[in-house]
Amino acid sequence: MDAKDILGLPKNSFPPLDKKSRPPKESHRKPDGISREVYALTGGLAPLMPALDPSQLKKKPPSDEKVAWQWLGITSSARKDNLHLYHWVRVVNGVPPTGDYSFAKYNKSVDITKYTNEEYEKYLTDPGWTKEETDQLFELCERFDLRFIVIADRFPSSRTVEELKERYYSVSRALLLARNPSSVDIASHPLVKEPYNISHDLERKRAMSLVLSQTRQQELRDEEVLAEAKRIAQSRISAKVSQESEMAVASNAGVEVTERTIPGETVSPLPSNAQHPSIPVSSSMSTENASTLASLRILRVYLRTYALEQMLQAASSSAGLRTIKRVEQTLQDLGVNLKPRVPTKSVCAEHLELRKEILTLLNLQKQLQYKEAEGLPFREGSYTETPGTPKHFHHGKQDRAFVPDPSFGGERTGKRDQKRKAPGRLSEAPSSPAQSKRPRKLKASDF
Amino acid sequence: MSQPLPLKRQGEHDDGAAPIKPSRLKIALSSDDADKKNANKRVKEVEICVPIVYGTSAFYLGRKASESQSHKWTVYVRGASNEDLGVVIKRAVFQLHPSFNNPTRVVESPPFELSECGWGEFEIAITLHFHSDVCDKQLDLYHPLKLYPEDESGPQSTKKPVVVESYDEIVFPEPSEAFIVRVQNHPAVVVPRLPAGLNLPSPVPIETGNEKERGDTKDHPLSQWFLNFSEADELLKLAAARQQVQAHIVKLRRQLSLVEGMPQLSKPPSTYES
């Protein structure tokens, strides 16, 4: 408006929008045609974009066709038996639909290669299979479109699915090769390129069933082992890295003093020092420390606070931001400065240890949480990650009718958790995940 | 060519640091060359630490204050126990706000401090240069100058300065032998127990320019305002915190083992929706 004044333009140079007069009215009066709740989704106001008029939504598009429905008979090319069926057909302007039955095109079948008797004699004989059986197999394959489960069920003699598959595919492959002896094209045919491997298939299915039938305990154990293995691998890598950097440092120092010192003297302390950080450590923590120390050494001079920062960064690189915030919150609750006021060597060491212990504490809290939640058989993803949304969890709880559901007020608790920013209550029930957003069972200690 | 003559080993002394005996000096003279070469040898097992405190102290000028000069402040770097840092630091460069004349102020000898008058608060960059046998790399510190007290109630006092100090420690992870030997017994420097079998050369004093200058800040005019940094307090607090956390961990572990021992509830039917 001011701009218009400045420019000297007339104020109402364009037609006033309808929308302007409408929004104040519309906020009080919802349009007909859509329910109140649906309208509330938009925030109770008209949408910013010119929306469809809701009353128009239920109208049908104007059509100039005359549509009637007739009870007609159909013949489908999919059927071979000339069966006449009748159903309601949408007739437009008096013209019934022409052409094949519209669903006939979905009647697909698999191309099963057929062999002649001579071909059988020549290429396809197998000690484990009689000709009859093979014929039966092929017939069933065609009938059931290679659905081997069904075929195995219908097969007269009991054969496993894998055996049937193997016979079928090896026959088809042999046929293919026999019929096109020198053709290069078929080399890329899937049957030729990747033949069916029965032992592989059996092994695969066995492994899958093993995984499927694993108990929860085993799952957890497996994950722990994997995590441990990962950590060991990591520590090996970082031990290697720190060894390399140690070598770099040592070689630097060596280079400097070469002109003054006898090389022999500098070499002797080298191996002993290089050994130091390269000793494979079982815990990743100390390797991180070792690599941080190595990088600090390179600096020649540094401040204790800087060293502490580096150590903290290295330690928290594996933890997420939320975990770090939790650790800091815990430190504050304990009355400890986030950054020590008197950062001497021992103070820094104690500080780092304290942080490590708090991390352990938080992990245990989380573990306990999961264990308690496990009271309900609810499997969802990996247990080391943050669980799914509270809503999801909730759903699982409510499904279990036979499990006493102490947290039907869980929704409330969930909200409470989210709103609450108060410090974690260390002195209270240990399973109080003060910082977590998941709804949790209400305990007597909560009140 | 190792040390040809057996010298008294440092590690054999219980007090951790052996004063240089005159006999050693005599022997050392004849193998001066070897000493020089060894002096620059770095000792990896020893970490030298220099605890410092750096900060600012600002006085409100009261009646004498003008628009542009309301406060008189001093920025300094001192030893944590007010000892002389000149043994380690060669010079300190204070980088002030560009609105000052010659904002780069160099202080060549201890006490490493600088006083100025001004009205504004800004961040001061302090660069410490060390003696050649200590470290050839410089170290940077940053400190925000604070003139106005936290407590804004009432008029500012001209008698009590606004003091902000930070404690830190300069760490030399691989000091040269010459450095170790020179500062071994100096109160401003923390030298840990030297490993056995360490043959240190004789100390070579560094040039300090003005020997008469009082190096330490023990009797500094501002010393009454210096803050106290007690390691013991912090250690105590940390130890208490750790105990608390450890007790908590034990409790949780016990709980966890209880829960794990609980039998699992029956599995859901196959129509379970996930």
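Here are a few friendly notes on this predicted model, taken point by point.

1. A word on conventions. Residues are numbered from 1 along each chain as its sequence is written, and chains are lettered from A in the order in which they are written. Local features need pLDDT of at least 70, side-chain atom pairs count only at pLDDT 80 or more, totals for chains, interfaces and linings use all residues, and side-chain values use heavy atoms, without hydrogens and water.

2. Chain A holds 19 helices and three strands (DSSP runs: H or I of at least four residues for helices, E of at least two for strands). Of its 447 residues, 31% are buried (under 20% relative accessible area; exposed is over 50%, partly exposed in between, with a 1.4 Å probe and protein chains only).

3. Among contacts in chain A with a separation of 6 or more, 53% join residues 24 or more positions apart (contact: heavy atoms within 4.5 Å).

4. Do look at the largest nonpolar core, with its 44 residues (buried Ala, Val, Leu, Ile, Met, Phe, Trp, Tyr and Cys joined through side-chain atoms within 4.5 Å). B:Trp73, B:Val88, B:Phe130, B:Ile170 and B:Phe172 have the most contacts inside it. Elements of chain B that each supply at least two residues include β2 (71-79), β8 (162-172) and α3 (177-183). The largest share, five residues, comes from β1(B).

5. B:Lys72 lies in strand β2 of chain B and is partly exposed, at 39% relative accessible area. Leaving aside residues up to four places away in sequence, B:Lys72 touches B:Phe59, B:Leu61 and B:Glu116, among others. The C-alpha atoms of B:Lys72 and B:Glu116 are 5.8 Å apart, although 44 residues separate them along the chain.
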